[in-house]
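Welcome! Have a look at the structure first, then read on.

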Amino acid sequence: MDPSQAPPPPAFKRKGSLEYTPDGKRISRVTRNQSYADLNCFETEEVVGEGRFGEVMKVRKKSNGKILAMKKAKTGGGHKQATATEYEVLDHIDHPFILRLKYTFKENGERYFVTKYCPGGDLFSHILNAKKA
């Protein structure tokens, strides 16, 4: 085959279950499968929860009006490793009982996770309340 007619190299290559760009940067499943998003893509409707690692907001995606949940996770101080671990788990998990990550991005020194919005509180709170009853 003539080298000038050879197909271009792939945009990314696989190493096990991880994929990398030609310059060696890891591509997340979310980044690869979803369109680009940042804070400007969403309108905050209300804060629905707060915790040690950040807050969760009910947001509306501006392009289609869809309601989603956005977690703003702290990445400074002692939160960096916990946030990095959460990102790695959510990026690779595929289970029917765990929300799939729709978008993730870093902005203003914080990591944002966007998932489907499920009203009613978190599972841990429901488990604690059931134990008390």
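## Strands β7 and β8

Strand β7 (residues 101–107) pairs with β8 in the antiparallel sense, over six bridges. Two strands are said to pair if DSSP finds at least two bridges between them, and strands are DSSP runs (E, at least two residues), as helices are (H or I, at least four), numbered from the N terminus. Lys-106 has Arg-111 in β8 as its bridge partner. With two residues between them, β7 and β8 form a hairpin, and Asn-108 in the turn has a positive phi of about 55°.

This is a predicted model, where local features need pLDDT of at least 70 and side-chain atom pairs count only at pLDDT 80 or more, while totals for chains, interfaces and linings use all residues. Residues are numbered from 1 along each chain as its sequence is written, and side-chain values use heavy atoms, leaving out hydrogens and water.

## β8 and its other partner

β8 also runs antiparallel to β6, joined by seven bridges. Here Met-70 has Val-114 in β8 as its bridge partner. Because five of its seven residues are buried, β8 is largely enclosed by the rest of the structure; buried means under 20% relative accessible area (1.4 Å probe, protein chains only).

## A second hairpin

Strands β4 (residues 42–51) and β5 (residues 54–61) pair in the antiparallel sense over eight bridges. They too form a hairpin, with two residues between them. Glu-50 has Glu-55 in β5 as its bridge partner.

How values were computed:
Buried means under 20% relative accessible area, exposed over 50%, partly exposed in between (1.4 Å probe, protein chains only).
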